[in-house]
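Hello,

Here is the structure I promised to pass on. Please open it beside this email and follow along.

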Amino acid sequence: MKLLSLSVASAALLQVASAHYRFTSLIVNGQVTSPYQYVRQNTNMNSPVYPPSNDLRCNTGGASGSNTQTATVAAGSTVGFALDQAIFHIGPTIAYISKAPSLAANYDGSGTWTKIYQVPPVFSGGQMTWPSDNKSQFTFKLPQSLAPGEYLLRIEHIALHGMPAQFYISCAQIKVTGSGSSLPGAGISLPSGYPVSHPGITINVYYPIPTSYTMPGGPVWSG
Ligand SMILES: *[C@@H]1O[C@H](CO)[C@@H](O)[C@H](O)[C@H]1NC(C)=O
Ligand SMILES: [Cu+2]
């Protein structure tokens, strides 16, 4: 019996360890597209990425998009990502956009990433809570003024329950249409824009409970 309950316990542990969440599908105007149709598929199962690494751009195995389709999306549309299961670690969610030099499928994400959406923590009653917790979809608007062209759209959840922070990342390939003329505003490069020493990346969220949090990646650009 002892042996049996031990193996049940370790099976349960394995289950948790192998059940990390992944952003698998692009959402366009309310439609959840097929997993990995427009999202580059990573090659590290559901393991997180740790900084510093070029894998912070589009996850491990995500530097090329030759096996991924590019979704045509009008500027101003509501886009987003769906996960294969709900987020269960604490931390912020952030989305960025980066203009491809030509085709999104050929772009490695080595250029500038501009933040267009974020889900920061909430401070109330002496507590710090994380609205990303338990969510399995995130949607947000592409700026109406965004210039036509091909882009990578990147989402991440930064898990802060232990140090070093863990990054859960996906990149989708989009072709933006419309008559906008704004190129994405100021942004960061990856991984250099995410130094391990950043106060939003290396932080003790438990004790003392923080009363503020610095979101990585600078301000949100709204077009
Ligand atoms: C997420 O779900 C857990 C378990 O049900 C719960 O304890 C926690 O408060 C939830 N988090 C949020 C932000 O709703
Ligand atoms: Cu975990």
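The copper ion (ligand 2) is held by two histidines: His20 and His89 coordinate it through their NE2 atoms, at 2.0 to 2.1 Å. Donors here are N, O and S atoms within 2.8 Å of the metal (3.2 Å for Na, K and Ca); water is not among the atoms, so sites may look incomplete. His20 sits in the loop between helix H1 (2-17) and strand E1 (23-28), and His89 in the loop between strand E4 (78-83) and strand E5 (93-99), so the pair ties together parts that are 69 residues apart in sequence. Helices (H or I, at least four residues) and strands (E, at least two) are DSSP runs, numbered from the N terminus. His20 counts as buried, at 13% relative accessibility. His89 counts as buried too, at 12%. Buried means under 20% relative accessible area, exposed over 50%, and partly exposed in between (1.4 Å probe, protein chains only).

A word on the model. It is predicted, so local features need pLDDT of at least 70 and side-chain atom pairs count only at pLDDT 80 or more, while totals for chains, interfaces and linings use all residues. Residues are numbered from 1 along each chain as its sequence is written, chains are lettered from A and ligands numbered from 1 in the order in which they are written, and side-chain values use heavy atoms, with hydrogens and water left out.

Next, ligand 1. Trp130, Asp133 and Asn134 surround it (a residue is near a molecule if one of its heavy atoms lies within 4 Å of it). A polar side-chain atom of Asp133 is 3.2 Å from a nitrogen atom of ligand 1. A side-chain N or O atom of Asn134 lies 2.4 Å from an oxygen atom of ligand 1. A polar contact is a pair of N or O atoms within 3.5 Å; within protein, one must be able to donate a hydrogen and the other to accept it, and residues adjacent in sequence count only if both atoms are side-chain atoms.

Now the rings. The whole structure holds eight aromatic pairs. Rings of Phe, Tyr and Trp (its six-membered ring) pair if their centres lie within 6.5 Å; planes under 30 degrees apart count as stacked, over 60 as edge-to-face and the rest as tilted. One of the pairs is Phe23 with Phe81, edge-to-face, at 6.3 Å centre to centre and 80° between the planes. Phe23 is in strand E1 and Phe81 in strand E4, 58 residues apart. Both are buried. Phe167 and Tyr194 form a tilted pair, at 5.7 Å and 40°. Phe167 belongs to strand E11 (residues 166-177) and Tyr194 to the segment after E11. These two are also buried. Ring pairs join Tyr21, Phe88 and Tyr168 into a cluster.

Last, the backbone. Where are the cis peptide bonds? One joins Met163 and Pro164, with omega about 0°. Pro164 is in the loop between E10 and E11. Another runs from Leu190 to Pro191, with omega near 10°. Tyr36 has a positive phi, near 65°, though it is not glycine. Met45 has a positive phi as well, near 55°. Met45 counts as exposed, at 61%.

Best wishes
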